[in-house]
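Have the viewer open and follow along.

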Protein chains: 2
Amino acid sequence: MKNLLVAQSGGPSAAINATVAGVVERALISRKIQHIYGAVNGVKGVFAKNFIDLRQALSSPEKLQLLCNTPAAALGSCRLKLKGEDPQQFQELVSIFREFNIGYFVYIGGNDSMDTVAKLSQYIAQNHIDDIFVMGAPKTIDNDLKSTDHCPGYGSAAKYIAATFAELERDCHVYDIPAVTIVEVMGRNAGWLTAASALARLNGGRGPQLIYLCERPFDEEQFICDVKQQLQKSPAVLVAVSEGVKDASGLYLCEKQTHSGVDVFGHKQLSGTAKYLEHLVQREVGCKVRSIELSLMQRCASHIASQTDLQESKMLGVTAADCCLNGDSGKMAIVCRHSNAPYQVSYSSADIQGIANQEKKVPLEWISPEGSDITPELLEYMKPLIQGETYPKFENGVPVHLSLY
Amino acid sequence: MKNLLVAQSGGPSAAINATVAGVVERALISRKIQHIYGAVNGVKGVFAKNFIDLRQALSSPEKLQLLCNTPAAALGSCRLKLKGEDPQQFQELVSIFREFNIGYFVYIGGNDSMDTVAKLSQYIAQNHIDDIFVMGAPKTIDNDLKSTDHCPGYGSAAKYIAATFAELERDCHVYDIPAVTIVEVMGRNAGWLTAASALARLNGGRGPQLIYLCERPFDEEQFICDVKQQLQKSPAVLVAVSEGVKDASGLYLCEKQTHSGVDVFGHKQLSGTAKYLEHLVQREVGCKVRSIELSLMQRCASHIASQTDLQESKMLGVTAADCCLNGDSGKMAIVCRHSNAPYQVSYSSADIQGIANQEKKVPLEWISPEGSDITPELLEYMKPLIQGETYPKFENGVPVHLSLY
């Protein structure tokens with residue numbers, strides 16, 4: 001009998017806890033596993049030997065369900081990147097694994113976390129350690145991990161973004177005077193989340209009328225033309241823009257005003273991308289403009305999580321634990337899509353080396369030729385991922401969350 | 001047989017359409033009413049004779065239910081304030097009412113909209129017009145209308161704010177390094193919405209740890225002390241602040257940096273209140289800080305509307321129409337609270353003169369003595385208003401909304 005350790009890393013999401021639940025569910029039915037440990041604050045918590053007994057903490061089906069509906073990383077997170085050239089850290093990790101009789105380690109996270117999985121599993125292989133198995137489970141609302149069709153957490157963020165744009169479109173529609181509303185969506189290098197704003201139109205909604213992803217260079221003149229053209233059609237224009245849009249020279253829009261904006265404390269005023277565009281429209285169009293950032297809400301709105309996303313996130317946890325138990329190591333659990341209608345997927349694993357530190361961007365052919373919208377192919381890709389509602393438990397009028405520490 | 005006209009005005013909310021539904025439901029069962037008209041874009045639409053036949057547009061119970069779950073003003077809105085000293089506008093309105101045989105007019109809105117009800121009903125009374133009855137129905141997420149215990153739309157905004165703070169608390173909790181997250185909530189002169197952040201703690205959540213309402217002068221030094229003290233207890237500190245907090249001299253915090261911040265276009269940088277405090281914490285505390293604005297999302301998030309709020313909003317529409325039909329005029333429908341546990345209310349009406357252009361602020365005794373939290377009394381006042389979930393209809397993974405024009 002060995003023990004299993006699970007930990008979470010990187011930015012939180014509405015679905016990352018469902019993956020923990022999946023790992024625990026698979027471990028619970030295994031005869032190879034005695035203790036199921038959760039490390040607090042990712043690999044930092046492994047170094048600190050800060051472990052929670054998850055068999056005890058998640059002793060009932062109700063608690064496991066509550067965990068799935070709890071946003072952010074219930075085990076805490078960290079942003080610690082291990083140094084590949086320094087074997088001492090890996091020796092230390094292995095020695096802690098030995099101390100706690102840990103034979104299986106599942107690390108849930110994004111690109112950086114998969115780097116940890118890659119380096120640790122490489123060290124283990126190179127040192128011919130044959131009783132420790134390390135698996136990655138994907139997580140990122142950015143949807144930018146390679147090898148997997150899509151990433152757990154993305155579907156729930158996309159559903160929040162779609163619903164919010166649908167509601168904002170209704171809100172912006174009420175006045176009959178020209179007004180532009182610019183909404184900034186997360187995504188520094190990949191526009192998947194911004195693209196999800198198009199899902200707001202699935203039930204007949206008119207907005208957003210303009211969508212700009214960070215994969216294409218942003219042309220300010222063309223943007224102003226686009227806005228003026230839309231204002232001819234409707235007084236209320238709703239715009240979705242990736243936080244990471246850059247101009248043709250590769251400069252982020254949000255960095256373009258730093259040379260002049262200094263606040264009373266002498267700090268550079270790094271306004272957001274939407275704020276920059278708000279000022280641009282004010283100057284060039286002159287109508288009412290408002291900028292909005294969806295900020296952290298888009299990654300933690302578990303009250304409107306996608307049922308498909310939560311279910312897949314859990315299955316990826318099950319898969320990662322299952323791979324470990326069957327002797328796999330140095331891989332990440334992945335989801336493969338077989339068809340859109342009906343939506344069919346299967347679960348598998350892929351070598352971690354092709355995933356760590358890589359980014360999967362929106363293919364340029366999925367952006368409309370004029371650069372201000374997405375194509376039907378991208379819509380079809382996203383649509384299945386936001387299907388189904390989760391109806392989390394409310395008490396006192398507020399969603400109930402599980403706290404593990 | 002006369003016709004009834006209903007219109008919406010002021011800022012949208014997640015509940016204002018339920019009030020239209022209530023007006024229509026009451027009108028549908030009346031034998032005094034032939035046509036039920038909705039004016040598009042408030043009183044502007046009355047002047048433009050831009051009417052929708054609501055008997056036709058809302059011909060099924062399904063459509064009425066969909067209307068209740070649709071955010072923002074389905075009939076559109078306006079910000080037109082009538083001039084009291086100019087009888088011509090009122091003559092014109094009455095002449096349009098005559099042209100369309102309108103005997104009953106219900107205007108749904110906030111302080112400014114009630115000013116329209118006050119002036120129009122006064123003109124009608126002074127000119128001894130005895131066949132036109134004008135009623136107001138309250139609406140404002142700000143909860144700042146007098147005479148009524150609370151305002152339709154507030155409960156749903158409060159529920160969104162409570163759920164969002166609960167989720168943000170989970171999100172901020174994941175890292176173990178000191179970090180302050182400052183969330184700006186709507187409310188220029190009344191702190192009711194900011195107070196709703198405290199509801200996030202109802203199920204055991206730890207945040208927000210600090211809450212600042214605009215009713216109390218904001219002391220920057222005290223704020224920094226408060227933040228430092230909270231950081232001693234926990235690395236993640238979540239702060240709720242009203243957009244309208246002012247310093248002791250009466251200056252809005254968000255106006256304090258205008259003298260230095262000028263963007264590349266030469267515009268004054270009117271950053272928000274939270275952004276101002278972000279820079280203050282950066283300078284005085286030096287830890288990681290983030291500012292968030294809940295922006296329009298807090299007023300249009302109908303996907304998480306309060307069932308209590310929607311039901312009461314509808315009942316206030318029923319009440320306003322009922323008052324009209326029974327010969328009342330120059331009044332606003334109100335809700336009276338009889339007890340908190342069990343929560344019991346009744347519906348009535350109050351003279352519009354004590355309501356128009358007035359503001360109801362949070363009583364100072366409902367703010368904790370140290371000024372950084374609310375009292376249990378205020379929590380008890382708010383709690384019943386966010387109870388119950390509405391589970392609106394989803395199609396294609398996105399909420400379905402009704403479009404009337």
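Which side chain meets that of B:Glu169 in a salt bridge? The partner is B:Arg206, with N and O 3.9 Å apart. Please keep in mind that this is a predicted model, so every distance here describes a prediction. The pair links distant parts of the chain: B:Glu169 sits in helix H7 of chain B, while B:Arg206 belongs to the loop between helix H8 (192-195) and strand E7 (210-212) of chain B, 37 residues apart. The two ends have their own surroundings. B:Glu169 has a relative accessible area of 9%, and because buried means under 20%, B:Glu169 is buried. B:Arg206, at 40% relative accessibility, counts as partly exposed.

Over all chains, the count comes to 40 salt bridges. One of them joins A:Asp373 to A:Arg201, where the closest N and O atoms are 3.0 Å apart. Find A:Asp373 in the loop between strand E11 (343-351) and helix H13 (376-382) of chain A, then look for A:Arg201 in the loop between helix H8 (192-195) and strand E7 (210-212) of chain A; the pair therefore ties together parts that are 172 residues apart in sequence. A:Asp373 counts as buried at 18% relative accessibility, and A:Arg201 counts as partly exposed at 25%.

Now for a pair within one helix. The side chains of A:Lys275 and A:Glu278 form a salt bridge, with 3.5 Å from N to O. Both are in helix H10 of chain A, and because they are three residues apart there, about one helical turn separates them. A:Lys275 is partly exposed, at 23% relative accessibility, whereas A:Glu278 is buried, at 9%.

Stay with A:Glu278 for a moment. Helix H10 of chain A, where A:Glu278 has its place, covers residues 273-284. The side chain of A:Glu278 also makes a polar contact with the side chain of A:Ser291, at 2.5 Å. If you set aside the neighbours within four places in sequence, A:Glu278 is in contact with A:Ile182, A:Val289, A:Arg290 and A:Ser291.

Next, turn to the strands of chain A. How many of the eight residues of strand E4 of chain A are buried? Eight of the eight are, across residues 102-109. Strand E4 of chain A has a parallel partner in strand E1 (residues 2-8) of chain A, with six bridges between them.

In chain B, strand E4 (residues 102-109) and strand E5 run parallel and are joined by six bridges. B:Ile108 stands opposite B:Ala137 in strand E5 of chain B. Strand E5 of chain B, residues 133-138, is mostly covered, with six of its six residues buried. In a regular strand, side chains alternate between the two faces of the sheet. Here B:Phe133, B:Met135 and B:Ala137 point one way, B:Val134, B:Gly136 and B:Pro138 point the other way, and all are buried.

Finally, let's look at where the two chains meet. In this interface, 80 residues of chain B are in contact with 80 residues of chain A. The size of an interface is often given as the accessible area lost when the parts come together. Between chain B and chain A the buried area is about 6600 Å², and carbon and sulfur atoms give 56% of that. There are four salt bridges between chain B and chain A. B:Lys44 and A:Asp176 form a salt bridge through their side chains, at 3.0 Å from N to O. The interface also has 37 residue pairs in polar contact.

Which elements of chain B supply two or more residues to the side that touches chain A? They are helix H7 (154-173), helix H10 (273-284), strand E9 (288-293), helix H11 (297-300), strand E12 (394-395) and strand E13 (398-399). Helix H7 of chain B gives the most, with eleven residues. By class, the side of chain B that touches chain A has 36 nonpolar, 26 polar and 18 charged residues.

How values were computed: Residues are numbered from 1 along each chain as its sequence is written. Chains are lettered from A and ligands numbered from 1 in the order in which they are written. This is a predicted model: local features need pLDDT of at least 70, side-chain atom pairs count only at pLDDT 80 or more; totals for chains, interfaces and linings use all residues. Side-chain values use heavy atoms; hydrogens and water are left out. Contact means heavy atoms within 4.5 Å. Buried area is the accessible area (1.4 Å probe) that two parts lose on being put together, summed over both. A polar contact is a pair of N or O atoms within 3.5 Å; within protein, one must be able to donate a hydrogen and the other to accept it, and residues adjacent in sequence count only if both atoms are side-chain atoms. Helices (H or I, at least four residues) and strands (E, at least two) are DSSP runs, numbered from the N terminus. Ala, Val, Leu, Ile, Met, Phe, Trp, Tyr, Cys and Pro count as nonpolar, Asp, Glu, Lys and Arg as charged, and the others, Gly among them, as polar. Buried means under 20% relative accessible area, exposed over 50%, partly exposed in between (1.4 Å probe, protein chains only). Two strands pair if DSSP finds at least two bridges between them.
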